Amino acid sequence: MSETGTTLPQAVAPPPLVRVEGLTRRFHRRTVVHPLDFEIRRGEVVGFLGPNGAGKTTTMRMLTGYLPPSGGRASIAGCDVIHDPIKARRHVGYMPENVPLYTDMRVKEYLRFRARLKGVRGRDVRERARHVMDECGLSAVRGRMIGTLSKGYRQRIGLADALINQPDLLILDEPTNGLDPNQIRQAREFIRKLAGTHTVLLSTHILGEVEQICDRVIILDEGRVKAAGPPVELIDGLRAAGIVRVELACGDPEAAIEAFHEVEGVRLAEVDEAGCEEGWCAFVLRAESGLDVRENLARLAAARGWPLRELHRQPPRLEDVFVEITHRPGR
């Protein structure tokens with residue numbers, strides 16, 4: 001209320017760019033995506049995470065109109081992907097994991113061709129192709145045949161294709177797959193830069209990448225949303241559980257894991273293969289919330305005669321959240 005007693009109108013939050021309500025997909029009698037509900041706001045970079053077979057790619061294909069849903073609703077920029085798919089697609093740029101390209105075309109020819117297919121007309125075709133080639137670092141190879149280019153350049157062409165019609169939403173399925181570390185870093189910086197003008201839905205298995213560039217994550221498992229929120233909040237929610245790293249000399253790592261599981265409060269123990277060398281073996285343990293198991297682990301090592309080289313609680317990461325949510329015996 002203002003000083004004059006007049007009630008001021010409250011700001012109305014803009015509608016989400018993407019709204020998913022009860023979206024499902026069945027193949028024959030098997031349900032691979034159970035009813036999903038989530039929203040994505042304009043300008044967000046959202047990580048879409050889950051183990052293999054969780055339903056990520058199927059969900060993205062439904063959002064892009066490549067695959068019809070078995071039930072539920074989804075809209076992009078207010079356009080229903082089922083009842084108005086052509087209009088909805090105009091708001092979407094999609095880069096699949098394996099980018100399909102015409103390898104016998106030159107880069108500039110291919111992008112102009114794709115621009116026309118996506119409704120770009122007249123002089124705008126050349127201008128949009130030139131712009132995305134500059135934006136994606138393709139200007140130096142604009143006249144090259146696509147079939148002669150490296151995996152990194154082909155990924156850039158796929159990203160340029162997704163951007164050619166200036167979509168509101170970019171859906172990127174494993175955009176750094178097959179790239180070397182330098183190319184991954186460049187792609188990460190580029191995706192973060194896109195957030196100023198686009199909304200990004202990003203599927204990737206590189207969870208450190210998600211921590212660095214995503215505002216929010218959605219974790220799927222067995223076709224269901226198991227967690228959603230900013231990475232920092234999800235990590236903080238796991239902080240009390242405790243993740244302990246142990247490095248010791250033991251003759252039988254499997255016997256050590258069995259012994260760890262007998263320690264009160266230890267929920268999960270796994271060998272860290274990267275930390276094993278010359279008789280020493282590293283383990284990662286997850287403890288019950290609120291319990292510090294380090295003292296009991298030190299006693300166990302002393303009782304078994306295992307020389308102990310390292311024992312510390314490490315800060316949790318998004319990878320730990322992912323494992324906590326999706327881990328099942330045998331996976």
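**Burial, strand pairing and salt bridges**

Visitor: With a relative accessibility of 24%, does Val271 count as buried, partly exposed or exposed?

Guide: This model is predicted: local features need pLDDT of at least 70 and side-chain atom pairs pLDDT 80 or more, while totals for chains, interfaces and linings use all residues. Residues are numbered from 1 along each chain as its sequence is written, and side-chain values use heavy atoms, without hydrogens and water. Buried means under 20% relative accessible area, exposed over 50%, and partly exposed in between (1.4 Å probe, protein chains only). At 24%, Val271 is therefore partly exposed.

Visitor: Where does Val271 lie, and how far in space is it from Ile243?

Guide: Val271 belongs to strand E12, residues 266-277; helices (H or I, at least four residues) and strands (E, at least two) are DSSP runs, numbered from the N terminus. In sequence, Val271 and Ile243 are 28 residues apart. Their C-alpha to C-alpha distance is 13 Å.

Visitor: Why is strand E11 described as largely enclosed?

Guide: E11 covers residues 243-249, seven in number. It is largely enclosed by the rest of the structure because the buried residues number six of the seven.

Visitor: Which residue forms a salt bridge with Arg216?

Guide: A salt bridge is a side-chain nitrogen of Lys or Arg within 4 Å of a carboxyl oxygen of Asp or Glu; the count here comes to 20. For Arg216 the N to O distance is 2.9 Å. The pair joins Arg216 in strand E9 (residues 216-221) to a residue 172 positions away, in the loop between E2 (30-40) and E3 (45-49).

Visitor: What is the relative accessibility of Glu270, the partner of Arg286?

Guide: In this salt bridge the closest N and O atoms are 3.9 Å apart. Arg286 lies in E13 and Glu270 in E12, so the pair ties together parts 16 residues apart in sequence. Arg286 is buried at 7%. Glu270 is partly exposed, at 30%.
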